Amino acid sequence: MQSLLALNPAKQIVPSQYALDIRSVGLDIITWTFERVDLRKGAAGKGSYYAFDPTGAAVKTDSDMYKALDVLAKDVKILGIFSDWPATVTYYANCMGLK
């Protein structure tokens, strides 16, 4: 996941250049992992899954991970995600009408 996301200058979560490049050549993407981590104090220092936001500028709480999931689904266009946090991913997919 950390290779597929980045932050833009406004500190918003966006697709990484790598994600855009591999999608542009027609590769499908299934990513790992949407992991449950205590993010009440942000993503800073939470490990490699959150390397796209090492200072915690965009991911400040657990609910901010929905922003990351939204970018993965809508902008990166992943086919699926393996998750240690399946209820959150399933809830998002059901709300957005994804299969």
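Where is the place of W32? Select strand 3, residues 30-34: W32 sits there. Strands are DSSP runs of E with at least two residues, helices are runs of H or I with at least four, and both are numbered from the N terminus.

This is a predicted model, in which local features need pLDDT of at least 70, side-chain atom pairs count only at pLDDT 80 or more, and totals for chains, interfaces and linings use all residues. Residues are numbered from 1 along each chain as its sequence is written, and side-chain values use heavy atoms, with hydrogens and water left out.

**Stop 1: W32.** Colour by accessibility. W32 counts as partly exposed because its relative accessibility is 45%. Buried means under 20% relative accessible area, exposed over 50%, and partly exposed in between (1.4 Å probe, protein chains only).

**Stop 2: the aromatic pairs.** The whole structure holds two aromatic pairs. Rings of Phe, Tyr and Trp (its six-membered ring) pair if their centres lie within 6.5 Å; planes under 30 degrees apart are stacked, over 60 edge-to-face, the rest tilted. Select W32 and F82: this pair is tilted, at 5.7 Å centre to centre and 45° between the planes. W32 is in strand 3 and F82 in strand 4 (residues 80-83), so the pair links distant parts of the chain, 50 residues apart.

Now select Y66 and Y91. Their pair is edge-to-face, with 6.3 Å centre to centre and 70° between the planes. Y66 lies in helix 2 (residues 65-76) and Y91 in helix 3 (residues 86-96), so the pair ties together parts 25 residues apart in sequence. Y66, at 30% relative accessibility, counts as partly exposed.
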